[in-house]
Structure formats: structure tokens, C-alpha cells
Amino acid sequence: MLMRKIVASGLALLMIQPALAQVQPCGAPADAVNASDEERLAGIVKSRTRGLAAALLADRAADRVTISALYTPGFTPTSSLPDGDYQCRTIKLGGMLPAVVYDYFSCRIGEEGSSIAKTSGSQRFSGSLTPSNGGFFYRGALHFGDEQPVLYGSDGERNQVGCLYQVAGEEQRYVLELPSPMFESLHDVVELVAR
């Protein structure tokens, strides 16, 4: 049974990788992040691959289906991100558990597509978005529901960097990838769906 799951997961990972090759990883503008976060961002493909490999071994079939459905279409370049309210959910790949798919919460894109914030749930984030390589470079920070938002750089353990892309074939669906997060997982993904 385990061997069958490993083989199936390996095949699924091989099918996903070519779809993701349509866009290049985003890059940080000069002097936008510290050296550690620049390294995390440069390792996004490795982080994603390791996270997906672990997640595809998850016991819950529903989690594997959700993750595969998110990555199989691939990402497509986009130069605009509509302001508005989004439903968003965090998906943790690898780490303490093979995969964790959370429920949807509320997110908001604002300032003509240059800011993002998760506005509900116990773990939240906020930050800036900058166009980069057909996607958007994200720089922000984690904060908790009972706190005010934290700025990038004010606490290194809460710093976040990542790339936001449009899911191929879907005008209203985006993925924010957060490589090598500080806690719990190998790779975090935030799925955003316009309301």
C-alpha cells in the first residue's frame, strides 16, 4: 500500500512540474529583503518540490486532491491583480505533517494590486506586492489575530517572502507561495479566489 502511494505520488509530481515551468520564479527588488530571505526566495523551486513530494504522501486523499488540483493547471504570467475581497486558505506542504489544508478565511488585495492582507483567522499576514517575472513578489510579515499587523523587518522570525501567480486558465484564482517558512512546514501556499 505504501509503495503504491509513493509511486502514485512520484508520477503526480512529474506531471505537475512541466506545468509550473511556464513562469519563472519572481525576484526581489534590490535591497528589498535581508540576505536570509533573499536565499529563501532563490530556493522557491526546491522548497516547492520538497513540499509537494511530502504532501503527496498525505494520508487524507482529499488533501492530496486539493493540492494536485491547485498545481496541475500550472501558473500563468499576469501583470495585474484586481483589488477586492478574496477568500483565501493556507496549505502547508511537508514539515511536521505531510500536508495541512486549512479552511477559507478572508483576504484583501488593495492599492491597485500592490498590497495584500489576510484579515481573519488566528494567523494573519500583510505585506506589499511588486510585479516581477510575470507574477508578483511578496514581502510581508506574519501576525496573530489579537495583534496589529507587523512590518517586514521588525521581527526576523515573522518575515515572509514569496511569489504570487495566477492559476492557469482561471481569471479569479491566484497562488501565493511562501518558500521555506520559519515554522511547521517546508513550503506554504495561500490560495486566493476572488469573491
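These are legends for several close-up views of one predicted protein model.

A word on the ground rules: residues are numbered from 1 along each chain as its sequence is written, and side-chain values use heavy atoms, with hydrogens and water left out. Because the model is predicted, local features need pLDDT of at least 70 and side-chain atom pairs count only at pLDDT 80 or more, while totals for chains, interfaces and linings use all residues.

**View 1**
The protein has 4 helices and 10 strands; helices (H or I, at least four residues) and strands (E, at least two) are DSSP runs, numbered from the N terminus. Of the 195 residues, 47% count as buried, where buried means under 20% relative accessible area, exposed means over 50%, and partly exposed is in between (1.4 Å probe, protein chains only). The protein exposes about 9,600 Å², and carbon and sulfur atoms supply 55% of that; the areas come from the Shrake-Rupley method with a 1.4 Å probe, and for residues only the protein chains shown count as cover. Take the contacts between residues at least 6 apart in sequence: 56% of them join residues at least 24 apart. Contact here means heavy atoms within 4.5 Å.

**View 2**
Strand E6 (residues 123-132) pairs with E7 in the antiparallel sense over 10 bridges; two strands pair if DSSP finds at least two bridges between them. Here Ser128 stands opposite Arg139 in E7. The hairpin of E6 and E7 has 2 residues between the strands, and Asn133 takes a positive phi near 50° there. E7 also pairs with E8, again in the antiparallel sense, over 6 bridges. Ala141 has Asn159 in E8 as its bridge partner.

**View 1. Gln160 in strand E8.**
Gln160 lies in strand E8 and is buried, with a relative accessible area of 14%. Its side chain makes a polar contact of 2.8 Å with the side chain of Tyr138. (A polar contact is a pair of N or O atoms within 3.5 Å; within protein, one must be able to donate a hydrogen and the other to accept it, and residues adjacent in sequence count only if both atoms are side-chain atoms.) Setting aside residues up to four places away in sequence, Gln160 touches several others, including Arg40, Phe125, Tyr152 and Leu178. Met182 is 22 residues from Gln160 along the chain, and their C-alpha atoms are separated by 8.6 Å.

Gln166 is found in strand E8 (residues 159-167) and counts as buried at 13% relative accessibility. A polar atom of the Gln166 side chain lies 3.0 Å from the backbone oxygen of Glu170. Leaving aside neighbours within four places in sequence, Gln166 is in contact with Gly74, Phe75, Thr76, Pro77, Thr78, Glu171, Arg173 and Tyr174.

**View 2. The disulfide of Cys26 and Cys163.**
A search of the whole structure finds 2 disulfides, a disulfide being a pair of cysteine sulfur atoms within 2.5 Å. One of them joins Cys26 to Cys163, S to S 2.0 Å. This pair links distant parts of the chain, 137 residues apart: Cys26 sits in the loop between helix H1 (2-20) and helix H2 (35-42), and Cys163 sits in strand E8. The link is left-handed, with -85° about the S-S bond. Both Cys26 and Cys163 are buried.

**View 3. The disulfide of Cys88 and Cys107.**
Cys88 and Cys107 form a disulfide with sulfur atoms 2.1 Å apart. Cys88 lies in strand E2 (residues 84-93) and Cys107 in strand E4 (residues 105-110), so the pair ties together parts that are 19 residues apart in sequence. The torsion about this S-S bond is about 75°, so the disulfide is right-handed. Cys88 is buried at 0% relative accessibility, and Cys107 is buried at 1%. Number the bonded cysteines in sequence order and the pairing reads 1-4, 2-3.

Most residues other than glycine have a negative phi. Glu111 is not a glycine, yet has a positive phi of about 55°. Glu111 is found in the loop between E4 and strand E5 (115-118) and counts as exposed at 59% relative accessibility. Ser180, also not a glycine, has a positive phi of about 45°. Ser180 lies in the loop between strand E9 (173-179) and strand E10 (187-194) and is partly exposed, with a relative accessible area of 32%.
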